[in-house]
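Here are my notes on the model you sent. Please read them with the structure open.

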Amino acid sequence: MWDVFLSYSRGDVERVRPLARALRDGGLEVFTDETGVESFAGISATIRRELGRSKALLAFYSTGYPEREACQWELTTACLAGLGEGDPRRRVMVVNPERTADHIQPVELRDARHAAPDDLPALVADVRAHVARLDGPMTIAEPGVRRWLLGTPQPRPDFLGRLLELWQVHSALHAHAAPLVTGRAAAHAVQIRGMAGIGKTLLAQEYALRFEAAYPGGVCWVDGEAYEDSVRALGAGAGGLFAHFDAIGEPFLWIVDAAPADRLPARDIAAMAAPHPLGHTLFTLRSRAYDTLGTPVDLRPLDAPHARVLAGGDEALADAVDGHPLALGLLGRAVRAGHHPGALYDRLHARGRSLLDTLAGEDVTGAVVRDVDTKDAADVLRCAAALHPLPLTTDDAAHVLAAADRVPQIVAHRRAAGGIRELRARSLLTPAADERWSLHPVTQHAWHHHDPAPARTEALRHAALRTLCGRRDSRDPVTLAFPGTRREAPMAAPSESERMAAYDIQVELVTRIGVQELAPGTGSLREALTSLKSLIDFTRATLHTYSVSLERGSATGAPTVQSLAYVLINETIRPFTSTWHPRLAAYEARCPAETAPLDHEAAWPEADAMRAELTALREPLVRIAEGLGGISGADFGVAATG
């Protein structure tokens, strides 16, 4: 019999050897696995046997420890043995070589107090004292199915790479058991969230199978899509279930799979929670719109090593579906059945019926995009698909919508923001960085095969390409190549970015003093100067927003938004403001305290001269506004004076 089963990551072997030596020198029998466990192999029969001969597991819990599959298997097994005795910490001890404990899962182990690894004598004494309180080796129970588990799921060989998420679920369900660490005194529900096919149901099933020892009252599996029927199948209504669990008097797990999010208000989803305070509720749902429903565990695609294993070892297929477990499982089974990975890769991107639907023998891709049920969400998804694999921003989508529908930028931006918000809530867009959003390739694949308006998709794709071309450096000639030939035609029309920039500057210009005449003896010359100065700032900011450069003129001599902006700033407004601002400022500085600023300004000897030049400024400003209108296509009825 072993006193201690020493569990550690192979990357920590040099740090662990002094610890193992100190434990043995202290009179303890220590088991260490010198052979290691192959990745994805789970826990071997040898390791399970030796754990069953050990009093306690001592985890050297470095930051690399959670990344090792074998370590997590060993830790889970020992924790479950402790849970069977009422406390997971009874059979598990933790050595934490790091400064913080945030990396330790489950949270119940974070407040375990053990000596630091750099104080080996104290650590050995602590381990000896803990082991002395244990009567014999831990009991390693084989997984079994407890009462009330509907459907009787079996362990799945395609469950890979989610051990950390298992602990996150367990820790969140039991966070109230460690209130000093979590600050939580009552049990909270937990929601597993993510896109269709990402493995929410599979994770819930594996959690129920592996952690059922934590729920002696049983495990109940409820179908959220048919909640009432599922509850009746358990053998009683809600009142009967309360009486049943009240009589048992032990904790139980209540899993609501596929909660019908976005079709019911939050209070109705919350009403599906466990019918007794002893219940721990676990929801699976696609929506991210129910933050108050419980602690979220968001599922992301599988990491590359696990994805390759699931895809039959082919890296290209794994990358093509970006770690999507459902797609990986279908492709992996096809590879193992003898299909060539290269042929599968081509068929995945071919027109016609979806390869994933063909391999599944049913429409599995429709579920991925079934929640795209509004026009704005559908259009933003089309924009994201047109730009894929580049990330999408709200501005990107707004530019495309404005170009395609010829609507003002502010309207397009509002629609784009609403569509992104809806897609984000439905797990159809995931955050990248800097307010950018990424579209998963499986979502793009599914949308390609289920898009209800492919003509609209093509129109937005064209608009997206025009928008991207418009963001190129204006000094580079933009050309369109004719398919199958070497001929190229110049793209004469202004880009949508230039068109929208011209429109925004034009709107601002025609409402300013200068274009709108200042009648003699009215208004404020200081306000006129301030207005014209702010127009310079606005024009520069607008060019920056649309990625349009400021240039003196085009090679053809045709007016462009760049050349008109240059004339507006450097040849029209700036000469006026640079002349009159210092003169007016010097006069304003001499304003007596008892005199109102406007009265002081009216008495300025140069006021009439400045007003005359301001009036003369109207003609070039109107010409610039007309030139901008020729680019934007908008006419505000401002005619130039002769």
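**Notes on the predicted model**

1. **Confidence.** This is a predicted model. Mean pLDDT for the protein chain is 83. Of its residues, 85% reach 70 or more. Residues 37-42 fall below 50, and this stretch has eleven contacts in the model beyond near neighbours in sequence. Residues 178-186 also stay under 50 in pLDDT. For these residues the model has 15 contacts beyond four places in sequence.

2. **The sheet.** What is the order of the strands in the open sheet? The five strands run E6-E7-E8-E5-E9, and the pairing is parallel. Strand E6 (219-223) and strand E9 (295-298) stand at the edges. Each has a single partner strand, so one side of each is left without a neighbour in the sheet. From one strand to the next, the twist averages 20°.

3. **The E5-E9 pairing.** Strand E5 covers residues 190-193. E5 pairs with E9 in the parallel sense, over four bridges. For Arg 193, the bridge partner in E9 is Asp 298.

4. **Helices on the sheet.** Helix H5 (residues 163-173) packs on the sheet. H5 touches E5, strand E7 (252-257), strand E8 (279-285) and E9. The direction of H5 makes about 155° with that of E5. Helix H7 (residues 200-210) packs on the sheet too, touching E5, E6, E7 and E8. Here the reference strand is E8: the direction of H7 makes about 155° with that of E8.

5. **Helix H16, length.** Does the span of H16 agree or disagree with its residue count? H16 has 13 residues, 375-387. At 1.5 Å a residue, the helix should span 18 Å. The end C-alpha atoms are 19 Å apart, which agrees.

6. **Helix H16, burial.** H16 is mostly covered, with ten of its 13 residues buried. An α-helix has 3.6 residues a turn, so residues three or four places apart point the same way.

7. Which peptide bond is cis? The bond from His 388 to Pro 389 is, with omega near 10°. Pro 389 sits in the loop between H16 and helix H17 (394-405).

8. **Positive phi at Ala 258.** Ala 258 is not a glycine, yet its phi is positive, about 60°. This residue lies in the loop between E7 and helix H10 (266-270).

9. **Positive phi at Asp 322.** Asp 322 is also not a glycine and has a positive phi, about 45°. The loop in this case runs between helix H12 (315-320) and helix H13 (325-336). Is Asp 322 buried or partly exposed? At 37% relative accessibility, Asp 322 counts as partly exposed.

10. **Cysteines.** How many disulfides are there? The count is zero, with a cut-off of 2.5 Å between the sulfur atoms. Cys 71 counts as buried because its relative accessibility is 2%, and buried means under 20%. Cys 79, at 1%, counts as buried too.

Conventions. Residues numbered from 1 in each chain as written. Predicted model: local features only at pLDDT ≥ 70, side-chain atom pairs only at ≥ 80, totals over all residues. Heavy atoms only, no water. Helix = DSSP H or I, 4+ residues; strand = E, 2+ residues; numbered from the N terminus. Expected span 1.5 Å × (residues − 1). Buried < 20%, exposed > 50% of the residue type's maximum accessible area, 1.4 Å probe, protein only. pLDDT = per-residue confidence, 0-100. Contact = heavy atoms within 4.5 Å. Pairing = 2+ DSSP bridges. Axes fitted to C-alpha atoms, helices over the stretch in contact; angles between N-to-C directions.
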